[in-house]
Amino acid sequence: MAAANSACSVHLRALFINHLDAILLTFVIGALCLTLHDALSGQTVFLLVGMALVAWLAFAFNDLCDAPYDAQDAKKRRRNFFTQQGSLRYWYIAAPLALSLATLSFLQFGARGLALLGVALVALWAYSAPPLRLKSRPILDLVTHALFVQTFPYFTCLSLIGVTWQPMDYLLLTLFLLSSFSAQLEQQARDYKVDRRTDRNFTTQVGLRTTVYMLKISTALLVIISVGGAILGIIPPILYPLGIVAVPLIWHRFARRGAQPRSERLVWAVGILAAVYASGVCAYWLIANL
């Protein structure tokens, strides 16, 4: 019985915890947008919860659709909840609950909120599920990831709080677009050996060397634009610590060998530090505005 409970705990961790870094990133991006525009409130904090739940749904649904592919690789099989479980009862409980709460959080903003939620849900379905399965269509896999993973949370907050867009917003959206694009290249480079046997994407078509080259170029652009924005005063100083936190990740991209995967521990550490900092900024703002 104890062994069975332990196995169940491991499987549930794969469902709820494995993609916590992406959920934290969604929270960080949304929270910073709200803080930068003085738009934190009970309503918008609930929106952050809804956005985080949509992020969880997107990654969990992706695992569900990837299960036949991940089952062919030992490491991926261990990380995917749906390759370990014969029953989907936890998914059938958690997914409707997450979707219901997310719908309520977006419904606060009326038709515009529901429209943005609808776009997010269509995107997560189209990216992962047949017949479209955009993640298996070269170029479209990169474009979809770039538009939605980091860019869409900031765009959603901007659209729903009804503020006038500033130069800072355009610059940050550009940085999130580049960051999402490069993150997808990095992930495809990490999974290249498995994906070329089991699936199809941009990297399996153009080769690992080209992908690593593009990853370094996009990362260099990210650094140049970030530093330029800071020098020109477009990026506010409150965001500087997040740039400093990201330096080890950026350095690792340039320092490691082309076939060497990224450090998952480093990704987690940076994500947690960014989330702690964003939470502190939000808490300070709320206390200062009581």
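Trainee: Before we start, what should I keep in mind about the numbering and the model?

Mentor: Residues are numbered from 1 along each chain as its sequence is written, and side-chain values use heavy atoms, with hydrogens and water left out. The model is predicted, with local features needing pLDDT of at least 70 and side-chain atom pairs counting only at pLDDT 80 or more, while totals for chains, interfaces and linings use all residues.

Trainee: Good. Why are α3 and α7 called roughly parallel?

Mentor: Helices here are DSSP runs (H or I, at least four residues; strands are E, at least two), numbered from the N terminus. Axes are lines fitted to C-alpha atoms, for helices over the stretch in contact, and angles run from 0 to 180 degrees between N-to-C directions. Helix α3 (residues 42–70) and helix α7 (residues 110–128) pack at about 20 degrees, with axes 9 Å apart. Angles under 35 degrees count as roughly parallel, over 145 as roughly antiparallel, 65 to 115 as roughly perpendicular and the rest as oblique. The pair is therefore roughly parallel.

Trainee: And what makes α2 roughly parallel to α15?

Mentor: Helix α2 (residues 20–36) and helix α15 (residues 264–288) pack at an angle of about 30 degrees, and their axes are 9 Å apart. That angle makes α2 roughly parallel to α15.

Trainee: Which hand does each crossing have?

Mentor: A crossing is left-handed if the near helix is turned anticlockwise from the far one by less than a right angle, and right-handed if clockwise. α3 passes α7 in a right-handed crossing, whereas α2 and α15 cross in a left-handed way.

Trainee: Which residues of α2 and α15 make the contact?

Mentor: Contact means heavy atoms within 4.5 Å. From α2 they include Leu24, Phe27 and Val28, and from α15 they include Trp268, Ile272 and Trp285. By class, this contact has 14 nonpolar, three polar and one charged residues. Ala, Val, Leu, Ile, Met, Phe, Trp, Tyr, Cys and Pro count as nonpolar, Asp, Glu, Lys and Arg as charged, and the others, Gly among them, as polar.

Trainee: Which residues meet between α3 and α7?

Mentor: Among them are Val54, Ala58 and Phe61 in α3, and Leu117, Leu124 and Trp125 in α7. The classes there are nine nonpolar, two polar and no charged residues.

Trainee: How do you know that Thr151 is buried?

Mentor: Buried means under 20% relative accessible area, exposed over 50%, and partly exposed in between (1.4 Å probe, protein chains only). Thr151, in helix α9 (residues 151–161), has 10% relative accessibility and so counts as buried. Leaving out residues up to four places away in sequence, Thr151 touches Ala146, Leu173, Phe176, Leu177 and Ser180.

Trainee: Where do Thr204 and Gln205 fall on that scale?

Mentor: Both belong to helix α12. Thr204 is buried because its relative accessible area is 18%, while Gln205 counts as partly exposed because its value is 45%. The side chain of Thr204 also reaches the backbone oxygen of Asn201 at 2.9 Å.

Trainee: What makes the approach of Asp199 to Arg133 a polar contact?

Mentor: A polar contact is a pair of N or O atoms within 3.5 Å; within protein, one must be able to donate a hydrogen and the other to accept it, and residues adjacent in sequence count only if both atoms are side-chain atoms. The side chains of Asp199 and Arg133 make such a contact at 3.0 Å. Asp199 also has a polar contact of 2.8 Å with the side chain of Ser136. Asp199 itself is in the loop between α11 (192–198) and α12 (202–206).

Trainee: Is Asp38, with its positive phi, buried or exposed?

Mentor: Asp38 has a phi of about 50 degrees and lies in the loop between α2 and α3. At 55% relative accessibility, Asp38 counts as exposed.

Trainee: Which residues does the cis peptide bond join?

Mentor: That bond joins Pro130 and Pro131, with omega about 10 degrees. Pro131 is in the loop between α7 and α8 (140–148).
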